[in-house]
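Have the viewer open and your selection tool ready. We will go from one stop to the next, with a note on what to select and what is there.

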Amino acid sequence: MTAGNPNVIYMDNNATTRVAPEVVEAMMPFLTESYGNPSSMHTFGGHVGQDVKDARIKVAALLGAEPGEITFTSCGTESDSTAILSALRTDPEKRHIVTTRVEHPAVKNLCENLETVTGHKYRVTRLKVDAEGMLDMAEYQAALSEDTAIVSVMWANNETGVIFPVAEMAGMAKERGILFHTDAVQAVGKIAIDLKSLDIDFLSLSGHKLHAPKGVGVLYIKRGTLFVPFMMGGHQEHGRRGGTENVTSIVGLGRACELAAEKMIEENSRVKQLRDRLEEKLLAAIPKSMLNGHKTERLPNTANISFEFVEGEAILLHMNQHGICASSGSACTSGSLEPSHVLRAMGVPFTAAHGSIRFSLSVYNTVEEVDLVIAKMPAIIESLRKLSPFWKG
Amino acid sequence: MWEYTDKVQQHFLTPQNVGEIDKPSGTGDVGSLACGDALKLTLKIDANDIITDAKFKTFGCASAIASSSVLTEMVKGLAVDEAAKITNEDIAQALGGLPKEKMHCSVMGREALEAAIADYRGLKLPMAEGEVVCECFGVTDLEIIRAIKESSLRSVEEITNFTKAGGGCGKCEEKLRKILHDTVSGKSEISIPHATPKRMTALQKIKKIEEVLEREIRPGLKKDGGDIELIDVDGDFVIVSLRGACKSCNKSQTTIKEYVEKKLRELVLTSLIVEESNS
């Protein structure tokens, strides 16, 4: 069972992750004796400033970036807003944004607001995805124009785990002199990233998706990229983000990035094998089930599976009876009345979209847990299908 | 995470009366896969109008399944007239309450019950006769007005929670606001019709058909230089004769089936069959 809570099988790591014990340990001094302000002139605060600096170095190392390119924020959403709004302010003549139909709400809703709230001052192109969740590079190429201020494309999709070719896309944007932002919240820590070799101008990440606590994020800003801050205030973060630093969490994030680098191989071998085992066995054992998203161009930890003719929330609540935690793209779980915009953009039929379950694993999962889920799921789906007026099994 | 009562949990985890009654006295089929929830309710009703058995099949979330399950328990043993009085609030109450965003699940239960009773009695479903306001979920103004009145709804958000209307593309939000305003201020002209009995006397039927032909159909045909005449009504068969330009029109069959028959079915009786006179 998952360490930390013996009653829980946690397979919802794309939602949030367990704070690593090593991270907790690294943070503790800053919740107790080391409470100084990093901006203070005295040694007591100055020491804390050094720890923030160390954390910045560790984050930069995981991303293949320079420490000066790392700005700490409060979350992934803040990083996304900061990057996109900065690009629009540094080149106010340009009024066009290129993004995709499957972005996280942090980018999706910001772009919608930029269109509607400004009275359509800004124009947004949303790239389509195919049935496997992949983009069409020709459509992307055609969408870039003289008027495009920024491209914002997620590195990996939170619902399906599908990975977009952001390296190639950033190169294409650079050729046209267009800024490129990527929401890499799901990718960081799961796949190798080396920003110094790429044309990415902005990258967002979020601490709580890689075993750091909630409430801390990072915006990577490539050296030389024009920038206008989102949060005005003090001189913190080289004047790029005002506000006293969330020191404890920043230190925690630094440690989490160190750990992520150490466990990258395990993530892409053992965790991937667990994911594949779960996926293959479930698809084989349960009729009318299917994988959502590209089979290989995908994060090693994510499996999004649809069980036709049953509804996701009902599935999740049955899983909950066994302590199994996952997510669903069904309407009922989102609080809205329509199923996931990602699955709809992929053209997943309603019969399947409402019954989609996302399993997202981490290094803390074990083969015993995976086998327990494999053992429990068929009966859950069967019992709900017996209730379903659409199931003719 | 939704906060469900123990009663909801209990009905969700061990649902009662699952299945379909063989040769049911009445069937209520509401919702759809696209909408994210659907319920098929079947009733067995004896000669004394008592519901002796009820079964359900539901596609949907925990509260949809629980609402269906508790509904079957509520109606069993009731006289049809008594069962017809059950509202969505009654269903929600029997479950110890539902989260407000989930009230539409209890509304679905009530709609299925209404549909099953209407089916048993051979009545038309009154709610479906309204004008569709929310295209995404196919919700009519009548359903919305009733929900506003019965559950004292006071915002568009509440309307969405109860009826799903406005929960899709959101384009009907303005219409919903107007309906809410009109209903609450008592301005709404629309009154909720009562189910019209299917069995009318032959004379009533002929009179109604004549009325509809005169009022709804003839003006349209006359505009195109044609006309229509009622020849006979034999049971559900309505024999008509087309006149003027319509007579020689090669689309006359389409006119009869797609236009005349559709209108008569809609406004008089769903079982009517319109045919052209041979003479």
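Start in chain A by selecting strands β6 (residues 179-183) and β7 (residues 202-206): they run parallel and are joined by 3 bridges. Strands here are DSSP runs (E) of at least two residues and helices are DSSP runs (H or I) of at least four, numbered from the N terminus; two strands pair if DSSP finds at least two bridges between them. Highlight A:H181 and you will find A:F202 of β7(A) opposite.

A word on what you are looking at: this is a predicted model, in which local features need pLDDT of at least 70 and side-chain atom pairs count only at pLDDT 80 or more, while totals for chains, interfaces and linings use all residues. Residues are numbered from 1 along each chain as its sequence is written, and chains are lettered from A and ligands numbered from 1 in the order in which they are written.

Next, select helix α6 (residues 166-175) of chain A, which packs on the sheet and touches β5 and β6 of chain A. Its direction makes about 160° with that of β6(A) (axes are lines fitted to C-alpha atoms, for helices over the stretch in contact, and angles run from 0 to 180 degrees between N-to-C directions). Contact means that the C-beta atoms of two residues, placed from the backbone, lie within 7 Å.

Now widen the selection to the open sheet of chain A, where 7 strands follow the order β2-β8-β7-β6-β5-β3-β4 with mixed pairing. At the edges stand β2 (70-73) and β4 (123-127) of chain A; each has a single partner strand, so one side of each lacks a neighbour in the sheet.

For the next stop, pick A:R223, in the loop between β8 (217-221) and α7 (247-285) of chain A. Why does A:R223 count as exposed? A:R223 is exposed because 9 other C-beta atoms lie within 10 Å; the classes are exposed at 12 or fewer, buried at 20 or more and partly exposed in between, with C-beta atoms placed from the backbone. Leaving aside residues up to four places away in sequence, A:R223 touches A:E66, A:G68 and A:E69.

Finally, move to chain B and select strand β2 (residues 37-45), in which 8 of 9 residues are buried. Strand β1 (residues 26-32) of chain B pairs with β2(B) in the antiparallel sense over 7 bridges, with B:A38 the bridge partner of B:G31. In their hairpin, which has 4 residues between the strands, look for B:G36 with a positive phi near 95°. β2(B) also pairs in the antiparallel sense with strand β3 (residues 51-59) of chain B, over 8 bridges.
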